[in-house]
Amino acid sequence: MKIILFGSTDMVGQGVLRECLLDLDVESVLAITRSATGQQHKKLREIAHKDFFDFSSIKNDLAGYDACFFCLGVSSAGMTEQDYQRVTYDITLAAAQALAELNPKMTFIYVSGAGTDSTEHGRRMWARVKGKTENALLHLPFKAAYMFRPAFIQPLHGIVSKTKLYRILYIILGPFYPVLKTLFSKYITTTERVGRAMIKVAMHGAPKPVLENQDINTL
Ligand SMILES: NC(=O)c1ccc[n+]([C@@H]2O[C@H](COP(=O)([O-])OP(=O)(O)OC[C@H]3O[C@@H](n4cnc5c(N)ncnc54)[C@H](OP(=O)(O)O)[C@@H]3O)[C@@H](O)[C@H]2O)c1
């Protein structure tokens, strides 16, 4: 399986990349980043791309892939709706539209989040924008599209978030993970589980297009 990965520098994407590089069914990974991570692996190729609103200059590199794992995304904390939508909706749709045109047999997997608002009219800004993004993706002509809605993600294998607030939270919560996992297993997953579930869904599909935290853990 040949995979395109967006967000290979973020917490979720780092975890997904790790699982892809370890998995024997994944033949190659093309990571599209703003700046190369410098990571070396025989299965990995990176393209450093400046403008995430326009992928026409790298169009020739984006064809011939089986799946896209779209992990790129930011926390809405401190952002206006317009700015959050620009990163969340505009970048995701720019990439997805380019990929759908070039790869009609592609499975597209998008990382949104638990509590995403499919009606697009709720009170929480981030949830409305994620809902709008999910809805638009589900209408693109991919072979299949799946929306992953993890709740709390525990970073494993030395992976760290780029968001300072999350980094602090993970340090504080670290010692409590065993207890939290027992009490709130429905709401906790890990970077490893998200990556493993994505590979499985890309290979075999899933019973429904929107996968909540528990579905991800089950997969
Ligand atoms: N963390 C969690 O517990 C959690 C839970 C549920 C859902 N999620 C979702 O998972 C996704 C990833 O979250 P995360 O916590 O892993 O993110 P993160 O560590 O904060 O990383 C942010 C990522 O977005 C990229 N990015 C930001 N602005 C960009 C722009 N203008 N152009 C191109 N790339 C840009 C960054 O690239 P650079 O490296 O180039 O800066 C980086 O790869 C988000 O959609 C989030 O809502 C996260």
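**Exercises on the ligand shell**

The shell around the ligand holds 13 nonpolar, five polar and four charged residues, where Ala, Val, Leu, Ile, Met, Phe, Trp, Tyr, Cys and Pro count as nonpolar, Asp, Glu, Lys and Arg as charged, and the others, Gly among them, as polar. The model is predicted, so that local features need pLDDT of at least 70 and side-chain atom pairs count only at pLDDT 80 or more, while totals for chains, interfaces and linings use all residues. Residues are numbered from 1 along each chain as its sequence is written, and side-chain values use heavy atoms, with hydrogens and water left out.

**Exercise 1.** Determine how many residues surround the ligand, and which are the closest.

*Solution.* A residue is near a molecule if one of its heavy atoms lies within 4 Å of it. By this criterion 22 residues surround the ligand, and the closest are T9, D10, K130, K162 and T163.

**Exercise 2.** Find the distances from oxygen atoms of the ligand to R34, Y170 and I153.

*Solution.* A polar contact is a pair of N or O atoms within 3.5 Å. Starting with side chains, an N or O atom of R34 lies 2.8 Å from a ligand oxygen, and a polar atom of Y170 lies 2.9 Å from a ligand oxygen. Turning to the backbone, an N or O atom of I153 is 3.5 Å from an oxygen atom of the ligand.

**Exercise 3.** Compare the radius of gyration with that of a compact globule.

*Solution.* The radius is taken over C-alpha atoms, and the globule rule is 2.2 Å times the number of residues to the power 0.38. For 219 residues the rule gives a radius near 17 Å, and the protein has 16 Å, which agrees.

Methods
Polar contact = N/O pair within 3.5 Å; in protein donor to acceptor, adjacent residues only side chain to side chain.
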